[in-house]
Amino acid sequence: MNRTKIKQMKTALKSLETHLEGQTYITTKDMNIWVSHCVAFFSRIGVNDVIISDFIKYYSPVISKDEKYPGISMYKTKKMGNFESTTGGSGDTEAYNKVNESYLSSIAFLTAKNIIQRMEEEERMVPLWIIKELKKERKFLSISSSLNLIEKNYEDRNSDGIIKNAITLLEGILNLDDDVKKIKELSKKLKKLLNDKDKLKKFGISKEFVFALDNSRLVRNIKSVHKTKPMKYDIPFLLATNNAFLIILFLEIVLSSELIIKT
């Protein structure tokens with residue numbers, strides 16, 4: 001599912017959720033239309049059948065008699081969820097007044113939001129949780145900036161941009177270690193890791209992983225050689241994303257080890 005469809009889903013969900021906001025009453029017909037639209041939407045995105053069933057049941061018309069006047073029809077109370085009517089009327093035009101907020105309705109919409117959020121996460125290149133973790137401290141601002149640029153390049157299918165910002169991200173991660181930061185060239189930074197067991201342990205990676213990171217660096221070097229004479233074909237998008245994913249994985253490992261970045 002692409003981002004446009006997810007955006008449309010979020011807009012549709014918000015429209016359904018806010019439809020009853022600010023309304024003190026609603027007719028039977030309008031309520032039934034709203035419920036049917038909600039049910040159709042919930043079913044389409046995969047909300048649990050039990051939640052949908054309870055939602056339908058909750059907003060189904062219920063008639064209760066006033067205990068003081070059980071035999072008098074004018075004292076019957078009609079309910080549709082958190083809306084009530086004591087007008088004694090009937091049909092699609094009968095008006096229902098809102099009496100309270102609905103816990104069940106809130107659960108249904110919250111579930112729908114979570115499902116759409118998971119869909120959105122699957123479409124992202126950079127996990128949102130990483131962005132949120134790094135936002136806690138300003139010293140990680142440059143890394144956060146690289147991540148945001150990578151995500152933007154991913155949305156635009158900009159292969160060169162992904163490679164460029166992924167390499168910048170790699171340098172930013174390596175520079176979190178003071179000793180490595182002193183080294184200017186990226187290749188030498190990686191070599192430092194490769195030959196230092198303590199550094200490997202600190203970053204939480206193996207020698208094989210460093211080899212893989214070094215290979216991702218080579219992609220940019222190839223492009224640099226051909227700057228004066230453009231290559232016939234650009235860097236394949238899949239290759240660019242694979243290299244970026246590897247560096248983002250490196251950041252995830254560093255975050256999980258909590259030896260360099262403590263959150």
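Setting aside neighbours within four places in sequence, Phe 250 is in contact (heavy atoms within 4.5 Å) with Leu 170, Ile 173, Leu 174, Phe 203, Ile 205, Phe 209 and Leu 213. The model is predicted, so local features need pLDDT of at least 70 and side-chain atom pairs count only at pLDDT 80 or more, while totals for chains, interfaces and linings use all residues. Residues are numbered from 1 along each chain as its sequence is written, and side-chain values use heavy atoms, with hydrogens and water left out.

Phe 250 is among the residues with the most contacts inside the largest nonpolar core, together with Leu 134, Leu 147, Leu 169, Ile 205, Leu 213 and Leu 251. This core has 41 residues. A nonpolar core is a set of buried Ala, Val, Leu, Ile, Met, Phe, Trp, Tyr and Cys residues joined through side-chain atoms within 4.5 Å, where buried means under 20% relative accessible area (1.4 Å probe, protein chains only). Elements giving two or more residues to the core include α6 (141–156), α7, α9 and α11 (207–225); α12 gives the most, with eleven residues. A second, separate core of 27 residues includes Ile 6, Ile 26, Trp 34 and Met 80.

Helices α7 (residues 159–174) and α9 (residues 186–194) pack with their axes 11 Å apart, at an angle of about 45 degrees. On the α7 side, Ile 167, Leu 170, Glu 171 and Leu 174 make the contact; on the α9 side, Leu 186, Lys 189, Leu 190 and Leu 193 do.

Key. Axes fitted to C-alpha atoms, helices over the stretch in contact; angles between N-to-C directions. Helix = DSSP H or I, 4+ residues; strand = E, 2+ residues; numbered from the N terminus. Buried < 20%, exposed > 50% of the residue type's maximum accessible area, 1.4 Å probe, protein only.
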